[in-house]
Amino acid sequence: MVMRHIYLFLVSSTHCVFFCSSSEFSLDGDYLLGGLFPVHEVKHAKSLFSPESINCFRHTFTKSGYEMFQVMRFAVEEINNSTTLLPNVSLGYEIFDHCSDTKNFPSVFSFISQNGSINPQEKLFSHQPRVIALTGPFGSTRTISVAPLITMDLIPMVNFGASSNTLSDKLQYPSFIRTIPSEKNLIQMIIHIIQWFGWNWVAFLEGPDHNSEDAVQLFNKYIRNTGICLAYQETLSQNVNYSLTLKNIDELNINVIVVFAVPQYAKNIIKAAITSNIRGKVWIASETWSTNQELLREPGIKNIGTVIGITERLVSLPGFNEFKETLRISTNDNEETKICNQECDNCTLPTAEEIIHEESTLSFPIYAAIYTIAHALHKVLHCNINECIKNTTVKPYMLLGEIKKLHFPLNGRQVKYDANGDPAVSYAVVIWHTEKNPPWIEMVGTYDTYPEINFTINNSLLPWQSNVSVPFSNCSVECNEGFSREHVEYHDCCFLCKKCPQNTYLNYSRDPYTCFPCAENEWSDEGSTTCRTRSVVYLQITEISSIAVIFFTVCLVIVLIITFIIFAHNYGTPVVRSAGGSVCFLMLACLILSCLGIFFFFGEPTSLKCRMRSLMHIYFFGVCVSCLAVRSFQIVCVFKMAEFPNVYRLWVKYNGQWIFLSAYSVLFSIVCVLLMTISPTEAFRDSSSFNDQILLTCKMGSSITNSIIMFMSSFLGFMCILFAYTGRDLPGNYNEAKSITFSVILSFVMFIVYYTSYLAIKSKYVMLLQAVAQVWSIYAVFFSHFVPKAYIMIFTPKKNTAAYFQTSIQNYTQTISRS
């Protein structure tokens, strides 16, 4: 009950003080609209120690605020004169001077009262407020202060000047609608401008009001993952040292300053910049002061840099200038007319010239707000082109429901609202030309969200287009192509540049801080932004060198087969028996099979090819060398070990040579099987030796098994040389010291050359060298051991007789006995 009496007292006092029938702030009509406009502004709020009512007329008169409420009057008059919108229905209004953030509640109480009283406990369906809808006030803080009183009754509050993103919350402000974009859109446009010019090192100066506080939070939210860094932030107020603020910004090398504040604080920082001789900055002005004519003409403003503003796209209101002209005449004819909806003694009258030339950027939003209410009422009253059903009960919430569904054209613009009650965005980017006299403002870009998002700036209209470059405002100079970023400070915008190494690339859109490795089949030089495909290289069978080796291998196989046939044809002759008899056929077969392994060196390597070419030569050539060792030992044993007849007898009786060869072959086969099982030779893609190539080769197996094989082969070769040297003075038919020594040493040299090349050189021709080494070692054994024997059998058959060999042995015996 106490609260009710307080409400009744406030409303009744408001009704007595504010309603003047002769005022241009009120108009009778079938349906009443409310309006809150800042005709006066409280510049400096004072702390109160006792209750005090606000007297707006005692504060600073604002021409723009006066212009705003004239737009509402013009829109209502235009609608009342319309024959299609609300025919036979008249709109009235009550407009109040809303000059304070917190002390203008009497006007709001008047709007929501019913017959001069307010009952907070009254049901929505039975309560009928004085107004069916209202527009205003100007500014987010003022709106947030009074909105709960209005929206609790679901009275449509179609606002023209509050951009706070908080007001989009329909749970808190269910009946709030606005005709200007929210500050979310404004912040997004500021970010678009910053990105358009490639800046990332900016300062953000906000005012002390709720709107600015909300804006800086949104700015911090939306610049994430954009590459923009907020280098400096400060809240402007009456107590801030503006010169120190500008000094701090200058020391951080920030050249782009966003000033999101009401004109009062924007003027303070701009004037401080002029006084502090700040030059070369880019000032991004929020919508509240982007077209401020007073600042535009401030002496010395041309020296501070470039001012880029954001404002609502200007839409002309046909007939409004004529309306203002009529207003000027009526004002001059009636000097007693007051411009404030309250009792006052000295209300200031604007001059005729001020009425005509003042043009607010909020004119269209106010105009659209009144038309929004009118269109919604048109729907509620079920109007047609001729009349409306006036006996329809109109509740504010009914208008609210229709407003949410509206979509109509107005002076070339589409008026529609989203689920949050926010309109389609139609911003303009303007630039201040302060270097000329008189200074002027030019539109250089646009930002629209209907029917789709579109942002563009005409760079040719910018002041730095013709004579200087775009102002630099980045923490670090952008890295050159192929250089990755490396963090040096807390901000992502501050970095060092590091050249990407070989076989890596930089994808700036993916991650500018990481040099990504190329795929295995790709390569790149230092500082690359892409990878190139590697060429795959291997020893192809069509190369001339390959054809040459294959040709000599085929020839070798043919002559080995021919030699095998010759030895078989002359089997039992002294030359064949002296060469080893049946062992010769084993040697020839091993050499032929070893030759077949050469053919696996050519073409694209596979694991099977790698194993076959290594296994066939290692095993069969090893067995062949073991045959040479046995043959050398056998000859030395016959001629040099006569004093051990029992040893020789046992050797012959039990076929010692075949026992040794069989044992060695089995042991060697076990080692080779272990080699192929434990650590086999595999096909290998060598992508590290060459940048632009992938070398297909064969990778050696375990070093341990390879060492065992090398030891066994080397040991046998050493024994061959030792036995051959021991029998260097044997009869000519049995003396094979030179041939065995030559063939074994030549094989060793070739394989030393190969293994040295394998370890030192990475090339497909290393495989060719291995093939040549194998072919050469086979040729060495063949020419040193078999060719002389074949020559005797073919060209000097007289030496292939038992008598010739007996003579050689007798001569050797005589020589030994004489010595």
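Start in the loop between α2 (63-80) and β5 (91-97), and select N88 there. Helices (H or I, at least four residues) and strands (E, at least two) are DSSP runs, numbered from the N terminus. N88 has a positive phi of about 60° although it is not a glycine. Most residues other than glycine have a negative phi. At 40% relative accessibility, N88 is partly exposed; buried means under 20% relative accessible area, exposed over 50%, and partly exposed in between (1.4 Å probe, protein chains only).

Before moving on, a word about what is on your screen. This is a predicted model, in which local features need pLDDT of at least 70, side-chain atom pairs count only at pLDDT 80 or more, and totals for chains, interfaces and linings use all residues. Residues are numbered from 1 along each chain as its sequence is written, and side-chain values use heavy atoms, with hydrogens and water left out.

**Colour by confidence**

Now colour by pLDDT, the predictor's confidence in each residue, from 0 to 100. The protein has a mean of 81, and 83% of its residues reach 70 or more. Confidence is lowest in helix α1 (residues 2-18), with a mean of 39, and highest in strand β7 (residues 157-159), at 96. Next, select residues 333-339: pLDDT is below 50 here, and the stretch has 16 contacts in the model beyond near neighbours in sequence. Contact means heavy atoms within 4.5 Å. Residues 343-348 are also below 50, with 11 such contacts. Where pLDDT is low, the predicted coordinates should not be read in detail.

**The open sheet**

Show the strands β1-β5-β2-β6-β7-β8, in that order: these six form an open sheet with mixed pairing. Two strands pair if DSSP finds at least two bridges between them. At the edges you will find β1 (26-27) and β8 (176-178), each pairing on one side only. Zoom in on β6 and β7, which run parallel and are joined by two bridges. Pick T135 and you will see V158 of β7 standing opposite.

α2 lies across β1, β2 (31-37), β5 and β6, and runs at about 175° to β5. α4 packs on the sheet, touching β6, β7 and β8, and its direction makes about 155° with that of β7. Axes are lines fitted to C-alpha atoms, for helices over the stretch in contact, and angles run from 0 to 180 degrees between N-to-C directions.

**Two cis prolines**

Select P137 in the loop between β6 (133-135) and α4 (140-151); the bond from G136 to P137 is cis, with omega near -5°. Then jump to P451, in the loop between β17 (440-448) and β18 (454-457). The bond from Y450 to P451 is cis too, with omega near 5°.

**A helix crossing**

For the last stop, select helix α12 (residues 363-380) and helix α13 (residues 396-403), whose axes come within 8 Å and cross at roughly 105°. They are therefore roughly perpendicular to each other, a term for angles of 65 to 115 degrees. Show side chains: on α12, T372, I373, A376, L377, K379 and V380 meet M398, L399, E402 and I403 of α13. By class, this contact has seven nonpolar, one polar and two charged residues. Ala, Val, Leu, Ile, Met, Phe, Trp, Tyr, Cys and Pro count as nonpolar, Asp, Glu, Lys and Arg as charged, and the others, Gly among them, as polar.

Finish on H382, in the loop between α12 and α13. H382 has a positive phi of about 55° although it is not a glycine, and at 55% relative accessibility it counts as exposed.

Conventions. Angles under 35 degrees count as roughly parallel, over 145 as roughly antiparallel, 65 to 115 as roughly perpendicular and the rest as oblique.
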